[in-house]
Amino acid sequence: MRQLTCFKELANFKSFTTVADALSISQPAVSSAIRELEKGLDTNLFDRSTHHVRLTNEGEAIREHVEWMVNSFENGVRELHQSVKYRTSTIRIACIPSALHLLAPWLSKWRLKNPLVNLKLVDMHSDELSRAMATGNADIGMGLEFRTSRSVQLSHVENDEMMVVFPAGHPLSYKEDIDWNDLRREHLVILDRGNTFQIIQNALDKEGIDFSRLTTLNFIESLYALVANNCHLGLAFKLQIKSHPESGLVFRPLKELISPRKICLMLGTGKNDQDSALSDLWSYLLENINKHRIRGEE
């Protein structure tokens, strides 16, 4: 492998000095490795002179195969290190559906670098997720902030504000700042989703908005259908809308009363503190999701 690695690097750099520096060995050691390889194959692989180093026809013939052998060996060594480091790690991840698009790209990139770790992903509503994190049935989560014991570490990721969904051409759709007074006479449709439903219902009750004009549905596609056909105005949080984009409708933030939901990345700290795969994934997600959020704000 030492001979093949020296051949691969010399074919690329065409300089014994550069290869020696790149591999942190002496120049005579590089020359010796090349001579040994040529002796073993019983052919000259390089034309050497004071001014140049070039592959011979025989060297060109084996170059691609040598690169494959070296790369395969390096990948194999990397997998051995991961196998020793991570053993048979399985990381259980829970996420609310509306926030999954924030998490999924980074899970995909991390898994490419750590193929031996099994990532078990489950989507669930916020109340289910909080229970899963609190009981230790999930190792990492992304969802609504909740009060919990010290066994769960929370890191704020994003604020999720309330939005009003209008059909195109609705008189209120041209207004930039929508408040509850604008909605008092409107038929409203919301999603019946645990904590989210309760937040909206409490706000409507506080403002004295008639619940008989309120329709609840299970899926945002159904909400869009009612709004698009001028039956209702929709209420949903921004991440719910972002995860299910819809053209032809108008979205406006709803001011006052309902504070933005806090979306948090969560780490269950009850698992073995020596689980390096979990620690590595947590640090990777924390760094990249927050970095992406800060860039978006800029």
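What percentage of the 298 residues of the protein count as buried? The share is 41%. The model is predicted, and the legends below take it first as a whole and then in close-up.

**Figure 1. Overview of the predicted model.** The secondary structure of the protein comprises ten helices and twelve strands. Its accessible surface amounts to about 16,800 Å², and carbon and sulfur atoms hold 49% of that area. Among the contacts in the protein with a separation of 6 or more, 75% involve residues 24 or more positions apart.

**Figure 2. Packing of helix 1 against helix 3.** Two packed helices are described by the angle between their axes and the distance between the axes. Helix 1 covers residues 2-13 and helix 3 covers residues 27-41; the angle is about 105 degrees and the axes lie 8 Å apart. Helix 1 is therefore roughly perpendicular to helix 3, because angles of 65 to 115 degrees are classed in this way. On the side of helix 1, the contact involves Arg2, Gln3, Leu4, Cys6, Phe7 and Leu10. These meet Ala29, Val30, Ala33, Ile34, Glu36 and Leu37 in helix 3. By class, the residues of this contact are nine nonpolar, one polar and two charged.

**Figure 3. Packing of helix 2 against helix 3.** Helix 2 (residues 16-23) packs with helix 3 at an angle of about 105 degrees, and the two axes are 8 Å apart. The two helices are therefore roughly perpendicular to each other. Phe16, Thr17, Val19 and Ala20 of helix 2 meet Gln27, Val30, Ser31 and Ile34 of helix 3. Five nonpolar and three polar residues make up this contact, with no charged residues.

**Figure 4. The aromatic pair of Phe7 and Phe46.** A pair of aromatic rings is described by the distance of the centres and the angle of the planes. The structure holds three aromatic pairs. In the pair of Phe7 and Phe46, the centres are 5.4 Å apart and the planes stand at 55 degrees, a tilted arrangement. Phe7 belongs to helix 1 and Phe46 to strand 1 (residues 46-48), so the pair links parts of the chain 39 residues apart. Both Phe7 and Phe46 are buried.

**Figure 5. The aromatic pair of Tyr224 and Phe251.** Here the ring centres are 6.2 Å apart and the planes are at 70 degrees, so the pair is edge-to-face. Tyr224 is in helix 8 (residues 220-228) and Phe251 is in strand 11 (residues 249-253), so the pair ties together parts 27 residues apart in sequence. Tyr224 has a relative accessible area of 5% and is buried, whereas Phe251 has 22% and is partly exposed.

**Figure 6. Surroundings of Trp110.** Trp110 is part of helix 5 (residues 100-113). Its relative accessibility is 1%, so Trp110 counts as buried. In sequence, Trp110 and Leu281 are 171 residues apart, while their C-alpha atoms are 7.2 Å apart in space.

**Figure 7. Two residues with positive phi, Asp42 and Asn230.** Most residues other than glycine have a negative phi. Asp42, which is not a glycine, has a positive phi near 55 degrees. Asp42 sits in the loop between helix 3 and strand 1 and is exposed, with a relative accessible area of 70%. Asn230 also is not a glycine, and its phi is positive at about 60 degrees. The loop between helix 8 and strand 10 (233-237) contains Asn230. With a relative accessible area of 58%, Asn230 is exposed.

Definitions and conventions:
Residues are numbered from 1 along each chain as its sequence is written. This is a predicted model: local features need pLDDT of at least 70, side-chain atom pairs count only at pLDDT 80 or more; totals for chains, interfaces and linings use all residues. Side-chain values use heavy atoms; hydrogens and water are left out. Axes are lines fitted to C-alpha atoms, for helices over the stretch in contact, and angles run from 0 to 180 degrees between N-to-C directions. Helices (H or I, at least four residues) and strands (E, at least two) are DSSP runs, numbered from the N terminus. Angles under 35 degrees count as roughly parallel, over 145 as roughly antiparallel, 65 to 115 as roughly perpendicular and the rest as oblique. Contact means heavy atoms within 4.5 Å. Ala, Val, Leu, Ile, Met, Phe, Trp, Tyr, Cys and Pro count as nonpolar, Asp, Glu, Lys and Arg as charged, and the others, Gly among them, as polar. Buried means under 20% relative accessible area, exposed over 50%, partly exposed in between (1.4 Å probe, protein chains only). Accessible areas come from the Shrake-Rupley method with a 1.4 Å probe; for residues, only the protein chains shown count as cover. Rings of Phe, Tyr and Trp (its six-membered ring) pair if their centres lie within 6.5 Å; planes under 30 degrees apart count as stacked, over 60 as edge-to-face and the rest as tilted.
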